[in-house]
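Please look at the sequence and the model below before reading on.

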Amino acid sequence: MVISSGEELQAQRSDFGLRLSNSMAKYGPLCVGIDPHRKLLTDWGYNVDAEGAELFSMRMLQAANGRAAAVKFQSSMFERYGSKGFEALERVLYAARQMGVITIVDCLHGGLSTTISAIADAYFKPGAPMLADAITLLPYYGARSLNGLISEALENGRGVFIASLTSNPEGMSLQTSIRQSGEYKGRTVAYGIASTAQKHNAGIEGMGSVGLIIGATIGQWMQDSGVDPSKFTGPILSPGYGWQGAEAKDLKTVFKGTRGNVLVTVSRFIASHGPDIAALSQATESIALDVRQALLEATVEGENTQTK
């Protein structure tokens, strides 16, 4: 069977979504956040420096391996230590690749397309110093400003998560603001971002590779946003569960009707059980089960609503 160059390109552009979907099917919809906060390093008995951040990350990675679909590294927690911090991030990303764990770097980059094109060299291209499976992006230079970087990610078999409805309450006023011009005039900022992201997933069988960030805590203003997560076919990265206050009932509210594409990120709640590996592993497994059950119920509730 001869595969055309177009088919090869399509396969490459859908590679991250396929790999993540398979990992979620195998391990459940949990993403372990690896955020070496100062307090956590102190609680664990580690120095508050790049070495401490690396030791913490390796231990969290060990607990997540085989128990979660992915891990997410908060880049600012490494950046605070300068070049040594970035070296630590490079090493833990390398360790994750060796384990076969899917990695997301939470760097929330955004800017003019001519500027952020350099990000592909850092995270996406073969031999990139901080090679990751996906990164997070901020679209507030205009969602279309990200198109070039998104294409670079997809053409290298990588993915992105674009902030649409974040878990922090102060984001509501901006994200639910009504657009005054452009293609999505009269709709919210968040709606325009979600719709622009969805275009990149058009024609992809299964889960796409361009995702959204939708916080689990935003149920009270979900309707105001106009965004319907159940209509989105890329992965949805959802912070806010656990330490930020979201519970299982919030997952069922926000993600009602979704079909296996929501990846819930949990960080400090798991890390609070460390540094003991057995306790970290047990906490990871327990939360993975809770999250899986809540999202299954969200899917069922959506199906029941449709059949009424």
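## The largest cavity

By class, the lining of the largest cavity holds five nonpolar, three polar and no charged residues. Here Ala, Val, Leu, Ile, Met, Phe, Trp, Tyr, Cys and Pro count as nonpolar, Asp, Glu, Lys and Arg as charged, and the others, Gly among them, as polar. The lining consists of Ala 143, Asn 147, Ile 150, Ile 162, Ile 193, Thr 196, Ala 197 and His 200. Two elements give two or more residues to this lining, namely helix H9 (147-155) and helix H11 (189-200). H11 gives the most, with four residues.

A search of the whole structure finds one cavity of 30 Å³ or more, and the volume of the largest cavity is about 30 Å³. A cavity is a set of points, on a 1 Å grid over the protein atoms alone, where a 1.4 Å probe fits but cannot get out; lining residues have an atom within 4 Å of a point. Grid points are joined across faces, edges and corners, and a volume is the space filled by probe spheres set on the points.

## Basis of the description

The model is predicted: local features need pLDDT of at least 70, side-chain atom pairs count only at pLDDT 80 or more, and totals for chains, interfaces and linings use all residues. Residues are numbered from 1 along each chain as its sequence is written, and side-chain values use heavy atoms, with hydrogens and water left out.

## The barrel

Eight strands close into a barrel in the order S1-S2-S3-S4-S5-S6-S7-S8, with parallel pairing. On average, neighbouring strands of this sheet are turned by 30° against each other, direction ignored. Helices (H or I, at least four residues) and strands (E, at least two) are DSSP runs, numbered from the N terminus. Two strands pair if DSSP finds at least two bridges between them.

Strand S1 (residues 30-34) and strand S8 (residues 262-266) run parallel and are joined by three bridges. Val 32 has Val 266 in S8 as its bridge partner. S4 and S5 also pair in the parallel sense, over four bridges, and Leu 137 stands opposite Ile 162 in S5. Ile 162 is also one of the residues that line the largest cavity.

## Helices against the sheet

H9 packs on the sheet and touches S4, strand S5 (159-165) and strand S6 (210-214); its direction makes about 140° with that of S5. Angles run from 0 to 180 degrees between N-to-C directions, and axes are lines fitted to C-alpha atoms, for helices over the stretch in contact. Helix H4 (residues 50-64) lies across S1 and strand S2 (70-74), at about 165° to S1.

Is S5 enclosed or open? Seven of the seven residues of S5 are buried (under 20% relative accessible area, where exposed is over 50% and partly exposed in between, with a 1.4 Å probe and protein chains only), so S5 is largely enclosed by the rest of the structure.

Leu 138 lies in the loop between strand S4 (134-137) and H9. Its relative accessible area is 32%, so Leu 138 is partly exposed. Leaving aside neighbours within four places in sequence, Leu 138 is in contact (heavy atoms within 4.5 Å) with Leu 108, His 109, Gly 110, Leu 146 and Ala 163.

Leu 108 is in strand S3 (residues 102-109). Most residues other than glycine have a negative phi, and most peptide bonds are trans. Leu 108 is not a glycine, yet has a positive phi of about 45°. A cis peptide bond joins Gly 274 and Pro 275, with omega about 10°.

Conventions: 1 Å grid on protein atoms, 1.4 Å probe; cavity = no way out; pocket = protein on both sides within 12 Å on 5 of 7 lines; lining within 4 Å.
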